[in-house]
Amino acid sequence: MVKKPSIVLADEPTGNLDTATGIQILEVLAARCRSLGAVLIMVSHASNTCRYADRIFNMVDGILIEDTPKERPVL
């Protein structure tokens, strides 16, 4: 993040963390990417990470089974 990347790849960024710490990490990561205007590509088995996504891809056995934009509430 120091060199202000345009793309950030995060493989299981909350793996082996307790829930509260995982949420803190995701909040900081998402906020930093927004401030940089960077794209965040994240791989996770934890379903609660989806709330940070604009688009969600689901794969099973290496096959893409779902590609959906996440619905955002109208403010």
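Student: Is V39 buried, exposed or partly exposed?
Tutor: The cut-offs on relative accessible area are under 20% for buried and over 50% for exposed, with partly exposed in between (1.4 Å probe, protein chains only). V39 sits at 45% relative accessibility, so the class is partly exposed. Keep in mind that this is a predicted model, where local features need pLDDT of at least 70, side-chain atom pairs count only at pLDDT 80 or more, and totals for chains, interfaces and linings use all residues. Residues are numbered from 1 along each chain as its sequence is written, and side-chain values use heavy atoms, with hydrogens and water left out.

Student: Which residues form the nonpolar patch on the surface?
Tutor: Patch members need over 30% relative accessible area and no salt bridge; nonpolar side chains (Val, Leu, Ile, Met, Phe, Trp, Tyr) are joined within 5 Å, like charges within 9 Å. Strand 1 and strand 2 (39–43) each supply at least two of the residues, where strands (E, at least two residues) and helices (H or I, at least four) are DSSP runs numbered from the N terminus. Together the members have about 400 Å² of accessible area, by the Shrake-Rupley method with a 1.4 Å probe and only the protein chains shown as cover for residues. They are I7, L9, V39 and I41.

Student: What does T14 touch, leaving out residues up to four places away in sequence?
Tutor: T14 is in the loop between strand 1 (7–11) and helix 1 (19–36). At 12% relative accessible area, T14 is buried. Counting contacts as heavy atoms within 4.5 Å, the partners are G22, L26 and T49.

Student: How far apart are the closest N and O atoms in the salt bridge of D67 with R55?
Tutor: A salt bridge puts a side-chain nitrogen of Lys or Arg within 4 Å of a carboxyl oxygen of Asp or Glu, and a search of the whole structure finds one. D67 lies in strand 4 and R55 in strand 3, so the pair ties together parts 12 residues apart in sequence. D67 is partly exposed at 35%, and R55 is partly exposed at 49%. The closest N and O atoms are 2.8 Å apart.
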